[in-house]
Every structure is written in structure tokens, then in C-alpha cells.
Amino acid sequence: GGLSSSFADMTKYVRFLLGIGDQQRYEQILKRSSLEEMLVPQLVAEEEVIGADKEWQAITFFMEDIMGMKIYGHSGWQNGFNTHLYFDPVHDMAYLIAYNSTSRKNGQVDGDIKLHLFKNFFLPLWKN
């Protein structure tokens, strides 16, 4: 499925996924236990993913092993716009990225940005 929404709405979604905010209201929308079940890896992904040592597919998200960190994500593409969401519910970290280019180099650029962010921002926080 595609991932197409405004950054304001995506920020709300990320806060929901991380459990930041109104827990009682969140439980009415989707029980945390159900969300945790949706994050359990089901299949090993066969395609090579830039920056990931290994990738699995869960029920709703992909889980990537990036430099020893277990990161969940989802992406989408529509009419030349690409959006990616990555999050770590254990350490309350996430990032969103969107760009509007159909260049063949998009995958490499996206992978380079992802690696830079994980290496320089996520990993130091993840180790603490």
C-alpha cells in the first residue's frame, strides 16, 4: 500500500505508533498489544535493502536490522512523490522523509540519507 499524507498527519501517526500522547484514546483506536503483534516479523524479505543488514516483513510494516538496531518502516510512491516512515518504538525515535523526484538515483539517495541519519542520530541515542 502507499503511504501518502501530509507531514502534519504523518507526525500524528508517528506519535501514535510510538505511544506518545493520549494512551487511553489510543487504546480505543488500536490496542498496544495489537500494534505489537503487527510488528512481529513474519517473512524474510528477499530483496536487498539499501542500508539494511537484513529485512523482514511484518503484518503492516517492514522491520530492518540497521547497524544492530531494529527499525520499523513503511514507504509509498504515488505520482512521482516518495514518502518513507521509519520508527523505533522501544527508543521513541522516528523520521519521515518525502521527495518528489522520479530519478533513477532516488533509491540510492534515500538509502544514503537513511544511513546518515541512523549512523549519526539514531545509533548514538540507541546505544544509551
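Predicted model: local features only at pLDDT ≥ 70, side-chain atom pairs only at ≥ 80, totals over all residues.
Six strands make up an open sheet, ordered 1-2-3-4-5-6, with antiparallel pairing. Its edges are strand 1 (43-44) and strand 6 (93-99), each of which pairs on one side only. Moving through the sheet, strand 3 (residues 62-66) and strand 4 (residues 69-78) are joined by five bridges. Two residues sit between these strands in their hairpin, where Met-67 adopts a positive phi near 55 degrees. Strand 4 is in turn joined to strand 5 by seven bridges, and here Gly-76 has Thr-83 as its bridge partner. This hairpin also has two residues between its strands, and Asn-79 takes a positive phi near 50 degrees. Finally, strand 5 (residues 81-88) pairs with strand 6 over seven bridges, with Phe-87 standing opposite Ala-94. Helix 1 (residues 7-18) lies across strand 5 and strand 6, and runs at about 155 degrees to strand 6.

Asp-88 is buried but has no salt bridge. A polar atom of the Asp-88 side chain does, however, lie 3.0 Å from the backbone nitrogen of Val-90. Beyond its neighbours within four places in sequence, Asp-88 is in contact with Leu-18, Lys-70, Ile-71, Met-93 and Trp-126.

How many salt bridges does a search of the whole structure find? The search finds three. In one, Lys-70 joins Asp-65, with the closest N and O atoms 2.9 Å apart. Asp-65 and Lys-70 are also bridge partners in the sheet. Lys-70 counts as partly exposed because its relative accessibility is 34%, whereas Asp-65, at 14%, counts as buried.

Another salt bridge brings together the side chains of Lys-114 and Glu-64, at 2.8 Å from N to O. This pair links distant parts of the chain, with Lys-114 in helix 4 (residues 106-127) and Glu-64 in strand 3, 50 residues apart. Both Lys-114 and Glu-64 are buried.

There is also a salt bridge between Asp-9 and Lys-12, whose closest N and O atoms are 3.9 Å apart. These residues are three apart in helix 1, so about one helical turn separates them. With 39% relative accessibility, Asp-9 counts as partly exposed, while Lys-12, at 57%, counts as exposed.

Technical notes. Residues numbered from 1 in each chain as written. Heavy atoms only, no water. Pairing = 2+ DSSP bridges. Helix = DSSP H or I, 4+ residues; strand = E, 2+ residues; numbered from the N terminus. Contact = heavy atoms within 4.5 Å. Axes fitted to C-alpha atoms, helices over the stretch in contact; angles between N-to-C directions. Buried < 20%, exposed > 50% of the residue type's maximum accessible area, 1.4 Å probe, protein only. Lys, Arg positive; Asp, Glu negative; His and termini not counted. Salt bridge = Lys/Arg side-chain N within 4 Å of Asp/Glu carboxyl O. Polar contact = N/O pair within 3.5 Å; in protein donor to acceptor, adjacent residues only side chain to side chain.
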